[in-house]
Each structure stands twice: as C-alpha cells, then as structure tokens.
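This report looks at one chain as a whole and then turns to a single residue in another chain. Please keep the sequence and the model in view while reading.

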Amino acid sequence: MLKGKGIPIFITFLVGMIMIISFFIPHKPFGDIEKISLNWYSIIAGFTMLLGVDSLIGMHFRKLKRKDENWFFSLVLILGFTATVVVGIIETVRFGTAFDDKSYFTYIYNYFIVPLQSTMFSLLAFFIASAAYRAFRARNFDATLLLITAIIVMLGRVPLGEQISPYLPKFTEWIMQVPQMAAKRGIGLGISLGALGVSIRIILGIERSYLS
Amino acid sequence: MGTTIGIWIAAGLTLFIYSFLYKDNPFYKFAEHLYVGITAGYWIIYTWAYVIQPMLLDPMIKNKQFILIIPAFFGIIMLTRWFPQISWLSRWSIAFTVGMGAGLGVTGAIQGFILPQVQATLVPLTGFNFETFNNFLIVFGVLTTLIYFYFSKEQKGVLRWGSKIGITFIMVAFGASFGYTVMARISLLIGRIYFLLSDWLKVLR
C-alpha cells in the first residue's frame, strides 16, 4: 500500500488544494501559505541538488575508473568540483560566509566562472549568425519575414541604425510594442491556458506521468 | 598579484573557449569540463549558504521553528533514490513539490497572466487614428495567434486564414526575439574582447 501511487496522488491533491484555497483566504494562517510554500520548495530543491551532483560526479568517476576516451577531462571536472567545494568550506569557516569579498571562493567566481560563462554564451553569437544564414536560405515568406524583422530590430538598437534612418529606431519600437507584443501575448495565453489545464489534471490525479 | 594571476587565468580560459571556433580541441574540452565542475561545486556551496542554512537550519535551531521538519523530511526522502529498495519514498517528495507547483500554477496562471493579458488586450477600437490602428493590430494579432494554436478542429475556411495570418505575427515575434538574442550575445562578445584588450593586454585604456 505504501509503495503504490495512492499516497503520492493524495499528497499532490492535498497540497494543490491547500495552495488554491489559501489564495482565496488572505488571512492567517492561509495568507502566508504561498510565501512559506515557496521557502519549502527551495529547501526540497536544495536536497535534490545533491542527486544531480552525485549523478554528474558519479558518471565522470566511472569514466575515469574505466580509463575511457577523454578520461583526463573527467579528472579535470572532478578536481574542479572538489577544489571549489573544499575552498568554499574553508572560506565559510574562515569568514563565516564563502561569499566574502576577500575569500578565495569569490576569487574562483570572478576569475573562473564569470569569464567561462560569458565566453561560452558569447560563442553563441557566431553560431546564431550561421543559423540566420541557414534560415535565410529557406527562401519562403515566413523565414524571410523572420530575418527581416531580426535585422530591423538589430539595426534599430544600435547607433548605426539611426545613421541609416532616424525612423529605424522608432519602427523597431513599433515592432516591439505592436505586432511582437500581439503574438507574444497570444503565445503566452496559449501556454497559460495549457499550464492551467495540466495543473488541474495533476491535482485531480488524472495526469500521473510524473510518478512513473 | 592575485588580481594579475586571476586576469591571466581568465584570459587563458577565454582563449581556450574561443579556440572552438576553429574546431573541437583539447583546450576547449579542458575549459568546458572545468566550467561544469567548478559551477557544480559553486552551486553546492551557494545552496548551503543561501537555502539550507538560512531557510532550514537557522530558523529550526535558533528560532525553534520545528514545522520546518516537514520540508526537511521531504528533502531527505528525495535522497532515497540512492537506495533502490526504498526509492519509492522519493515519490512522496515529488508529489509534494508537483502539488505545490500545480496549485501555484492554477492561481498564478489565472491571476498572474491570463487576466492581466486579456485585460491589456481589451483596448478601444473607436476613432480613426494611429492608436486605434495599433490597438486593432494587437487584438487581431492575439486572436489569430490563438487560432494558429487551436488544434481541436480542422483548420479550414476562416480558421485556415486566421491561422495563416497568425503565423505571420508569430514570425515577426520570433524575428524580434532572435534579433534581441543576437544583440545580447554580441554585447557579451564585445565584453570579452574588451576584457582581453583592456584588462589583459592593456592595449585599450
């Protein structure tokens, strides 16, 4: 009985209904439920991070143990992880928080994570350019419309656009405020209605795929 | 001294990543794996410092908020996935978080998005001026976009034309988002090149 899906479905129903009911009763103890539940959600998510890290490190540890191809890079990953955690613990003991401006943990963030992250994302500028080229080659009305809009928006946001025509930034603003807004709103409404439907199905126990 | 070493490390890692523009190579792989490892470690410490300690341990130990045993219990049983014999317990945690998300989803979707967006779309369509024209385009665009995503009936006749106009609006929106994304990436690229030329090589002042 305990191992079945009955208890989880009941928990989902109960928690879901409490969340909905609390929305309509803005008095204690219901009034604070949304804020409290978001804190609880963060706490549970914090524990799940251990599962994710275990999966990541476990996979690379196995690659290292088997001496698979590129095992050296798995070693780099494990050493990077271990060093960061060890430094974090030491600096927490030393300063009370690892995020102190003078800590080596902040040093790792500033000189390893920040440059690696922003460079990784900036690399996408080149690949987006090649994707745009491929989209342009599609040679149909929709693809051309997409690309022309993208070019107008890009030019309208830089000084060069204003040099070409003083109307270009205004036209860009109009695209953002009217046709772009309309489609974005339509897509958003579709997503929200879909999310609403799925949420109700989950609470009522009709949708159970998350338990498999 | 520490700053100088840091700048050299950051510059080296930046160049390692950009070496991928030539082709996949060991320098890129090194930087990529280092990034994943360090980031995973960073988030462990971050979760401890900003979630577990201030939201769970401190209130429970210092303020005696023993109600927090409930999320702690659900968090701990999530870890039973490590033990196949009792891994079914983790379903309770998943059910708890999914129920919470679904409950917030119902109220959040209606109150946070659907009603405000419908309200914003109910704009005046009277008079002959540019504002009315824009308002008409917004209403028309929202309706045709919704028609494009309406799959419960075969798209024939009015629905087909509505859907065709809807995809035109959607393409304009995607184009605008694409342009924005490109601009954001290029500004990051400029930032990295500026770092290399200014902080590292000191060519720019």
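In this predicted model, the accessible surface of chain A comes to about 12400 Å², and carbon and sulfur atoms account for 68% of that surface. Of the 212 residues in chain A, 39% count as buried, and the mean positions of its 20 positive and 12 negative charges lie 7 Å apart.

The secondary structure of chain A consists of eight helices and zero strands, so that, read along the sequence, the pattern is α-α-α-α-α-α-α-α. The radius of gyration of chain A is 26 Å, well over the 17 Å that the globule rule gives for 212 residues, and the chain is therefore more spread out than a compact globule. Among the contacts in chain A with a separation of 6 or more, 20% are made by residues 24 or more positions apart.

The following table gathers values for the chain as a whole.

| Property of chain A | Value |
|---|---|
| Box filled by the C-alpha atoms, along the principal axes | roughly 65 × 50 × 40 Å |
| Radius of gyration | 26 Å |
| Accessible surface | about 12400 Å² |

Where in chain B does Gly141(B) lie, and what does it touch? Gly141(B) belongs to helix α5 of chain B, which covers residues 130-148, and it is buried, with a relative accessible area of 0%. Leaving aside neighbours within four places in sequence, Gly141(B) is in contact with Ala182(A) and Phe169(B). Gly141(B) and Gly166(B) are 25 residues apart in sequence, while their C-alpha atoms are 6.5 Å apart in space.

Technical notes: Residues are numbered from 1 along each chain as its sequence is written. Chains are lettered from A and ligands numbered from 1 in the order in which they are written. This is a predicted model: local features need pLDDT of at least 70, side-chain atom pairs count only at pLDDT 80 or more; totals for chains, interfaces and linings use all residues. Side-chain values use heavy atoms; hydrogens and water are left out. Helices (H or I, at least four residues) and strands (E, at least two) are DSSP runs, numbered from the N terminus. The radius of gyration is taken over C-alpha atoms; the globule rule is 2.2 Å times the number of residues to the power 0.38. Buried means under 20% relative accessible area, exposed over 50%, partly exposed in between (1.4 Å probe, protein chains only). Contact means heavy atoms within 4.5 Å. Accessible areas come from the Shrake-Rupley method with a 1.4 Å probe; for residues, only the protein chains shown count as cover. Lys and Arg count as positive and Asp and Glu as negative; His and the chain ends are not counted. The place of a charge is taken as NZ of Lys, CZ of Arg, CG of Asp or CD of Glu.
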